[in-house]
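Student: Please take one part of this model and look at it closely. Which residues face inward, which face outward, and what do they pack against?

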Amino acid sequence: MTSLSQTILSLLNKQHTCQLDMGPFDSNSSPDDLDPGVIESSEYDWLVIDTALDVIVSLAQVLGPTFSEFYKLVEKSILRFASSSESYERATAVGVLAECIRGMDSAVTPYTSSLFKILMHRLQDEDAGVKSNAVFAIGLLVANSEDEREIGKNFNNVMAKLEPLLGEEEARTKDNAAGCVGRMISSYQDKVPLGMVLPALVSVLPLKEDFEENAPVWGCLVRLYSEGEPTILGLTPKLLPILEHVLGPPEEQLDDETREQVVQLVKFLHGKQAQLVKKYPGLMAAVNG
């Protein structure tokens, strides 16, 4: 691992032998002002770095919580790219941070403060891809970190910034904001004003693009139904056509576990409000399936 970490760090710092013959590139220069060879070298330079970042993501997935020790070595480099003047570098780096948070699970706890600092900043980024990745990462951080003090310090600020993101035109940003809301409710339900947040969440359903976020969204809603939460019960008429939609094509809207949760929810609602559910053939197919 020592040799691998040294290689990755040298690549991220542009000090590997495969990068040393590349001339300097001024990110403020216009492409029209640059020699084609310089542009080609710059594109190759980023390709090498991007590949190194992909390796980091793979390590996070494979190593799980033990990845925390490796992350300590590369955090500074990733954060540098997350603050880049280039939007594609920021978006990539923030996406890598999200996958590192996911892989480390609760072992991300020691890095909670530094991650909140960069992610909250990127949540206001001008680039939609950066914002989308940032809100996804924040949801994972809230769900995985055990640093309740740091989460408490940032919680209300995150909630305030989620509201406009739920109204974004860009579908992926909106989907990831919904997933973040679901994770925050599941992890800290007592801190969330459900009477205001749940109607806003339901208003953006069904998710349009990032179907992976259906898992935290529906996991949250199913749990609230199981608790008899009044706001979600009152939103049932609005949720029924959404439930029919997510149980229909395309099948990849829901993973197997989430689909089973949703089917059980439909059966539960049928037992409580059969006349309402009977209006939706897709839901009755789930009830009778």
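Tutor: Here is a close look at one helix, with its setting.

This is a predicted model: local features need pLDDT of at least 70, side-chain atom pairs count only at pLDDT 80 or more, and totals for chains, interfaces and linings use all residues. Residues are numbered from 1 along each chain as its sequence is written, and side-chain values use heavy atoms, with hydrogens and water left out.

First, the setting. The protein has 15 helices and zero strands; both are DSSP runs, helices (H or I) of at least four residues and strands (E) of at least two, numbered from the N terminus. Of its 289 residues, 50% are buried. Buried means under 20% relative accessible area, exposed over 50%, with a 1.4 Å probe and protein chains only.

Now helix 15, residues 281-288. Its buried residues are Leu-283, Met-284, Ala-286 and Val-287. They lie on the same side of helix 15, because they cover an arc of only 155° around the axis. The arc is taken from the directions from the helix axis to the C-beta atoms. Pro-281, Ala-285 and Asn-288 sit on the other side and are exposed.

What does the buried side of helix 15 pack against? The partners are helix 12, helix 13 (256-272) and helix 14 (274-277).

Helix 12 spans residues 236-247 and includes Thr-236. Thr-236 is buried, at 2% relative accessible area. Beyond its neighbours within four places in sequence, Thr-236 contacts Tyr-225, Leu-269 and Gln-273. Contact means heavy atoms within 4.5 Å.
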